[in-house]
Amino acid sequence: MGHVVVNPLAADAVLRHAILQAGARLGDFARSLMYENIGKDADTITTQDIGRTAKEGDTFALTILDDLNTPSCSCGNIADLCSYTPGRAALQAAKKLANQGKYDTKPGDVTEIWLRKAIAASHPLAVKVLHDATYPLALQILQLATGIGWTSSSSWAGLH
Ligand SMILES: [Zn+2]
């Protein structure tokens, strides 16, 4: 269940960015694992290619994901539930945000305990991590609810 892509818009944006960057960063692309796998025709890149090569540590793929701040999963998917929600992913995201220097937190200070306390204290970095981790799940639940015909005026009345 966790390996379901929950943010397809993010995955599509990564794909478009990868195709553009393959041309813009031709040298990086030509030295990449992705290039080895698919050849020079960047238009044939798929989200699976990006996820798989990122999993294998390909710098080009990892840079593409990093540019758009989109997580990948150890299963090779991009923007799937597991890439957003596990504690390890949240911790990685928090360290990454701390590294960007936009918050008053040093990356070395970010630990699981710090993150837990920071969420409880509504620290801006922790709130951002919490939002980013839960938004795709909330979107998936909303899509499921819409798919089964649930509306804002629906209720449980009459189901007894
Ligand atoms: Zn996964």
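What percentage of the 160 residues of the protein count as buried? The figure is 30%, where buried means that 20 or more other C-beta atoms, placed from the backbone, lie within 10 Å of a residue's own. This is a predicted model: local features need pLDDT of at least 70, side-chain atom pairs count only at pLDDT 80 or more, and totals for chains, interfaces and linings use all residues. Residues are numbered from 1 along each chain as its sequence is written.

**Overall build**

- The protein has nine helices and zero strands; helices are DSSP runs of H or I with at least four residues, strands are E runs of at least two, and numbering starts at the N terminus.
- Along the sequence the pattern reads α-α-α-α-α-α-α-α-α.
- Along the principal axes, the C-alpha atoms fill a box of roughly 60 × 40 × 25 Å.
- Take the contacts between residues at least 6 apart in sequence: 57% of them join residues at least 24 apart. Two residues are in contact if their C-beta atoms, placed from the backbone, lie within 7 Å.

**Domains**

- The domain assignment gives domain 1 (8-67) and domain 2 (85-147); such bounds come from an automatic or database assignment.
- The C-alpha centres of domain 1 and domain 2 are 25 Å apart.

**Helix 4 against helix 5**

- Helix 4 (residues 47-55) packs on helix 5 (residues 59-67) at about 110°, with the axes 8 Å apart. Axes are lines fitted to C-alpha atoms over the stretch in contact, and angles run from 0 to 180 degrees between N-to-C directions.
- Helix 4 is therefore roughly perpendicular to helix 5, a label for angles of 65 to 115 degrees.
- The crossing is left-handed: the near helix is turned anticlockwise from the far one by less than a right angle.
- Helix 4 contributes Ile50, Thr53 and Ala54 to the contact, and helix 5 contributes Ala61, Leu62, Ile64 and Leu65.
- By class, the contact has six nonpolar, one polar and no charged residues. Nonpolar covers Ala, Val, Leu, Ile, Met, Phe, Trp, Tyr, Cys and Pro; charged covers Asp, Glu, Lys and Arg; the others, Gly among them, are polar.

**Positive phi outside glycine**

- Asn69 is not a glycine, yet its phi is positive, near 55°. Asn69 sits in the loop between helix 5 and helix 6 (81-84).
- Asn69 is exposed, with 12 other C-beta atoms within 10 Å; exposed means 12 or fewer.
- Ser122, also not a glycine, has a positive phi of about 55°. Ser122 lies in the loop between helix 8 (112-120) and helix 9 (124-147).
- Ser122 is exposed, with 9 other C-beta atoms within 10 Å.

Key
Parallel < 35°, antiparallel > 145°, perpendicular 65-115°, else oblique.
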